[in-house]
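I opened my notebook to look a few things up in this structure. My notes follow in the order I took them.

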Amino acid sequence: MDDGVTEVLSSVLEDVNHAVSRNVGGAHLLHELLNAPWLRALLQIYECLLEFERSPPTPLLPYASELSHEIMTAVQMIHCPSSEAVELHSLLSSPHIQAVLSSHDSVAKSDYGPVLPPLPEEMPEDEEAMRIVCLVKNNQPLGATIRRDEETGAIYIARVIHGGLADRSGLLNPGDLLVEVNGNPVGGLEPEQIIQILINSHGTILFKVIPDAAQSSGSHKSVYVRAMVDYCPLQDASIPCPDAGMAFCRGDLLEVVDQSDGRWWQARKLPCSASCAGLIPSASVLKSKQREQWWCQPLQVHTCIRPLTLGDNAVPEDDGTHADEKYTVTDEAESDITDGLYLAGFRRSFRLWRRTSYRRRRQSCTSCSPDTSALSSPYEEVALYQRPPQESHRLVILIGATRVGVNELRKRLIKLNPSTFQGPVPHTTRPIRAGEQTGREYHFVTKELFEYMVCNHRFVEYGEYKGQLYGTSTDAIDEVLKRGQMCIINAEPHSIQPLRTRKLKPYVIFIKAPAAERLRETRRDARIATSCSSNRAFTEEDFVELEEASRLTELKYKQFFDFVLVNDCLQDACTQLFYVIQEAQDEAQWIPVSWSLEDE
Ligand SMILES: Nc1ncnc2c1ncn2[C@@H]1O[C@H](COP(=O)(O)OP(=O)(O)OP(=O)(O)O)[C@@H](O)[C@H]1O
């Protein structure tokens, strides 16, 4: 109808405009207008409206729903019903038709609101504050919890869950005194008895409440946090209402919609799927739980938090020859020069240093788990951040189990566009060789300078391999960023924490191993670097080790990951990495609030 009228009106305008633009005489224009089909259509609409005003349509009967039941009973009584009768019965009994008929009857009877009991003639003073709330029960939870005042036995609304049925009514608030439920006085009852009344009631539920005068306006400002721990309400005996609880995992983004209760907050998981919020423990409750858990644990030596000291990774002397010296040719070949382009940080010795140091640490700390730390904060407040174009790029950190393909992906990305993507040039104490330049393959420094830099916390990572020191410095990262390039580093998971600074605003991508079958299929022809002279194929043991390491790294550090990229097909993974990094730099992302504050 709307579309039709719009069409008629636009054709009116079109015709009039047309006539005016042609500059025809008045009588001719009038003749044309009176003959126009749109004018007849408008007159017909006008007549319909007049007719509607004279005798508005009335429902033929206001009891269509009852009638349908009568018909269904009649059909049921037929001994051998025809197929039409059976179809009619099935149509009428469908919930949708029943709902339409019931709505029709409500409209026909103009029955739009609940019938409230008449107010008593003489109302006592306090009755003025009484509020009657009628909620229509559907399959959603009511979205409110109650508490009993142990001294007076009075029942109060404890909390109203955001987005739930009670909240959307806008008529029930925390602190309201509950007087009656469906005509049953509730004062002195146990909360369980009241819940039973609610369970037993069908259709509408009528609450009589005395609103809390001190009730705040209820407008709460949302706070966004990243969960740094896992939580399951069904395993938490202290939650006031497990059904209203919301489970979450480390790394989940949560919108905390209500923090008015110091112990139990209300939150939604982002991206928002549920309109109704759930109960989560407040930061202080979670912290005390963490502390309890921590104290209950048997004493463990957490070697993983021991700072790496020089010599930690010293490999026992083998034949006394340095790998770099022994495999010079392979080192050069594998490393860094393609089409006259130098890629720093891909040399065999540097990568083997990382692998040996990683293995050693992993073996020494399999029992440690970051979420058991009593010191870590259970929620990290986050805010959406859009990098201003004049600000340097965010540092991109690739994390992954050894041999998952982190180096391969990083190398391919840099080769793809070396003017945009770069890696930091590592530092080493090994002597410079013919053809090398300091600042290109490595920053060649003395052992004293290296140690000085270690003492001044200038390294993101460092260690020793076959008697020489290697490391990635923050200065080298800065150099890349200052040139306006995107700095892509490959770091060990334990190095994420010190890199999480306002200045670097790291974006962490976890490179994950694909499913077992695909891992073996895709790496069939791949070669892996070893400390022996030649590269070799993956063995079944390598695959098992890689899968386990990938699983453990994800389990332990997932709260720090901004993106998880499965390295299945190399080409696809590389393309995806390219787009993810672009997005990380150019689109709004959640970062810790502390990174977006003016002063660190
Ligand atoms: N998606 C893939 N498909 C096939 N081969 C791959 C894929 N990803 C990596 N590889 C190959 O697997 C081998 C190991 O990869 P890479 O050297 O990048 O591992 P890494 O994670 O950097 O390990 P490390 O730090 O120990 O060197 C390389 O030969 C690489 O070409």
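**Entry one: a pair of helices.** I note at the outset that this is a predicted model. I started with helix H4 (residues 64-77) and helix H6 (residues 95-108). They pack at an angle of about 140°. Their axes are 7 Å apart.

I then looked up which residues meet. From H4 I listed Ala-64, Ser-65 and Ser-68. Across from them, H6 brings Gln-98, Leu-101, Ser-102, His-104 and Asp-105. I sorted the residues of this contact by class: two are nonpolar, five polar and one charged.

**Entry two: a sheet.** Next I traced an open sheet of six strands. I wrote down the order as S10-S9-S8-S7-S13-S25. The pairing is antiparallel. Which strands are at the edges? I found strand S10 (278-281) and strand S25 (589-592), and each pairs on one side only. From one strand to the next, the twist averages 50°.

Strand S8 (residues 253-258) and strand S9 (residues 264-270) run antiparallel, and five bridges join them. I looked up Asp-258 and found its bridge partner in S9, which is Gln-266.

I turned to a loop. His-393 sits between strand S13 (379-385) and strand S14 (396-400). Is His-393 buried or exposed? I counted 22 other C-beta atoms within 10 Å, and 20 or more make a residue buried, so His-393 is buried.

What does His-393 touch, leaving out residues up to four places away in sequence? I noted Leu-481, Met-486 and Gln-585. I also checked His-393 against Gly-484. The two are 91 residues apart in sequence. In space they are 7.1 Å apart, C-alpha to C-alpha.

Last, I went to the ligand. How many residues surround it? I found 20. The closest are Gly-405, Asn-407, Glu-408, Ala-526 and Leu-570. By class, I logged seven nonpolar, six polar and seven charged residues around the ligand.

Conventions
Residues are numbered from 1 along each chain as its sequence is written. This is a predicted model: local features need pLDDT of at least 70, side-chain atom pairs count only at pLDDT 80 or more; totals for chains, interfaces and linings use all residues. A residue is near a molecule or strand if its C-beta atom, placed from the backbone, lies within 6 Å of it. Ala, Val, Leu, Ile, Met, Phe, Trp, Tyr, Cys and Pro count as nonpolar, Asp, Glu, Lys and Arg as charged, and the others, Gly among them, as polar. Helices (H or I, at least four residues) and strands (E, at least two) are DSSP runs, numbered from the N terminus. A residue is buried if 20 or more other C-beta atoms lie within 10 Å of its own, exposed if 12 or fewer, and partly exposed in between; C-beta atoms are placed from the backbone. Two residues are in contact if their C-beta atoms, placed from the backbone, lie within 7 Å. Axes are lines fitted to C-alpha atoms, for helices over the stretch in contact, and angles run from 0 to 180 degrees between N-to-C directions. Two strands pair if DSSP finds at least two bridges between them.
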